[in-house]
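Here is a short briefing for a reader new to this structure. Please look at the model first, then read the points below.

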Amino acid sequence: MDKILIRGGAPLSGAVPIGGAKNAALPLMAASLLTAEPLVLENLPDLADITTMSNLLAQHGVAITPVKGANCGAARGRTLEFSARTIASTTAPYDLVRRMRASFLVLGPLLARCGEARVSLPGGCEIGTRPVDLHIKGLERLGAEVELREGYIEAKAPKGLRGAEFAFPSVSVGATENLLMAAVLAEGETLLVNAAREPEITDLAACLNAMGARIDGIGSDRLTINGVSSLHRARHRVIPDRIETGTYLMAAAATGGDLTLLGARLDHVESVARALEPAEVVVSEVADGLRVRRRNGRLAGVDVMTEPFPGFPTDLQAQIMALMATAEGASMITETIFENRFMHVPELMRMGANITVHQASALVRGVKRLMGAPVMATDLRASVSLILAGLVAEGETVVDRVYHLDRGYERVEEKLAACGARIERVNGGA
Ligand code: UD1
């Protein structure tokens, strides 16, 4: 198993290319199931989760081919064509779904296109129980009959789905995506109220419209979808990854560096820039992306609460905690999206951080320095927070179980090393 070894203390400077957004790419890939014509996606990141989704789609019958001539170097992402001319199977097996929860996103498209789908229930994960009740209630509202049998969600709509109004009792990114993809082929009008408005949803809706869907209200929490009988070919470019962007913002801030994040978009990370402002970290727009640096001296502690977009993202909570570990004063970090998302706390404490967790809030009292230590990654975002801590810690940090990291961060050690970090991947054996 690979490990990442970091010798902390080097400020980062230079430019980091930001890849395509994993969480935008996964639903976009699932959307290819909606049409018999090819969907070409540009700027796909090279990540384990993208491979998992490709494997799942392939077993549903989707032909996936690289598009020649469009790949302009690793930094610009890959271009792939997804062609679901016929659907070979409407079952998404447990073995693939348990590996990646986003596999559940094939439910809406398969049901809309084929009138039936059988998708394994994902089960819990490191950050909480993560139910899928909203996905199911929403699909039932569109006329689907849904049953749980042998660990699988079996959904049927033999006469097709019918447009309806569905108000989400709480905001869910995945359920909004599943319902959006189902509703585009439903008969009549669907209104989704209290829909998630993450940039990944906006990107999905834009791509679906390019495929011939009729979605209004994009970017708001009220989406109106007028169903069409079929979708057609399209070409779409995946948005830059705002979580990767936010992570490198924190890396520059933590080390007192000066980084330019190539291709990054300020409108996707405004809540992060706002949170960092009182911490004395300046994020500014430049011609080719965003520039980040500390205003001067030490970082100041700030309070942060995670919220659905446009609020501060839960996927950057672990990273800002690592940043605040060495800030001056105290920071209160409150997690409102997931119930068990403080797995990184004991690991950060092994490096000398002073953190007290009380229910959904973590009180971080800044310390002068962190110390390198062997630590264990527990989930995707937690693992990168340990890398951030390692970048500022005195001495050597070894992060174990980095396969979590490989699910969502493309070439992280190469990108950081190119900006002056002393970091390398070592093969730890079995
Ligand atoms: C997506 C992101 C994930 C991010 C999360 C929140 C992808 C592939 N993953 O996950 O990185 O952390 O959004 O921004 O895009 N919930 C229910 N019932 C449901 C669905 C969700 O109770 O049917 C709850 C969840 O347990 C959680 C909250 O709603 O507490 C938000 O989850 P959701 O927005 O659905 O997250 P995902 O789409 O799974």
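Helix H8 meets helix H10 through Ile-243, Thr-247, Met-250, Ala-253 and Ala-254 on the H8 side, and Gln-319, Ile-320 and Leu-323 on the H10 side. Contact here means heavy atoms within 4.5 Å. The model is predicted: local features need pLDDT of at least 70, side-chain atom pairs count only at pLDDT 80 or more, and totals for chains, interfaces and linings use all residues. Residues are numbered from 1 along each chain as its sequence is written, and side-chain values use heavy atoms, with hydrogens and water left out.

**Helix pairs**

- H8 covers residues 242-255 and H10 covers residues 317-324. Helices (H or I, at least four residues) and strands (E, at least two) are DSSP runs, numbered from the N terminus.
- The H8 and H10 axes lie 10 Å apart, at an angle of about 5°. Axes are lines fitted to C-alpha atoms, for helices over the stretch in contact, and angles run from 0 to 180 degrees between N-to-C directions.
- H8 and H10 are therefore roughly parallel to each other. Angles under 35 degrees count as roughly parallel, over 145 as roughly antiparallel, 65 to 115 as roughly perpendicular and the rest as oblique.
- By class, the contact of H8 with H10 has 6 nonpolar, 2 polar and no charged residues. Ala, Val, Leu, Ile, Met, Phe, Trp, Tyr, Cys and Pro count as nonpolar, Asp, Glu, Lys and Arg as charged, and the others, Gly among them, as polar.
- H1 and helix H2 (residues 48-60) also pack at about 5°, with axes 10 Å apart. They are therefore roughly parallel to each other.
- From H1, Lys-22, Ala-25, Leu-26, Met-29 and Ala-30 meet Asp-49, Ile-50, Met-53, Ser-54 and Leu-57 of H2. The contact of H1 with H2 has 7 nonpolar, 1 polar and 2 charged residues.

**Nonpolar cores**

- The largest nonpolar core has 76 residues, and Val-106 and Leu-208 touch the most other members. Such a core is a set of buried Ala, Val, Leu, Ile, Met, Phe, Trp, Tyr and Cys residues joined through side-chain atoms within 4.5 Å. Buried means under 20% relative accessible area, exposed over 50%, partly exposed in between (1.4 Å probe, protein chains only).
- Helix H1 (residues 22-31) gives the most to this core, with 7 residues.
- Not counting residues up to four places away in sequence, Val-106 touches Ala-30, Leu-33, Met-53, Leu-56, Leu-57, His-60, Ala-92 and Val-119.
- A second, separate core of 71 residues includes Ala-253, Ala-327, Val-345 and Leu-416.

**Helix H5**

- H5 (residues 133-141) has Leu-134, His-135, Ile-136, Gly-138 and Leu-139 buried.
- These buried residues pack against helices H4 (107-114) and H6 (173-183), and against strands S8 (145-149), S9 (152-156) and S10 (165-167).
- Gly-143 follows H5, with a positive phi near 100°.

- Ala-183 lies in helix H6. Ala-183 is buried, with a relative accessible area of 0%.
- Ala-183 touches Leu-142, Thr-190, Ile-225 and Gly-227, not counting residues up to four places away in sequence.
- Ala-234 lies in strand S14 (residues 234-237). Ala-234 counts as buried at 13% relative accessibility.

**Aromatic pair**

- The structure holds 1 aromatic pair. The rings of Phe-166 and Phe-168 have centres 5.0 Å apart and planes at 80°, so the pair is edge-to-face.
- Rings of Phe, Tyr and Trp (its six-membered ring) pair if their centres lie within 6.5 Å; planes under 30 degrees apart count as stacked, over 60 as edge-to-face and the rest as tilted.
- Both Phe-166 and Phe-168 are buried.
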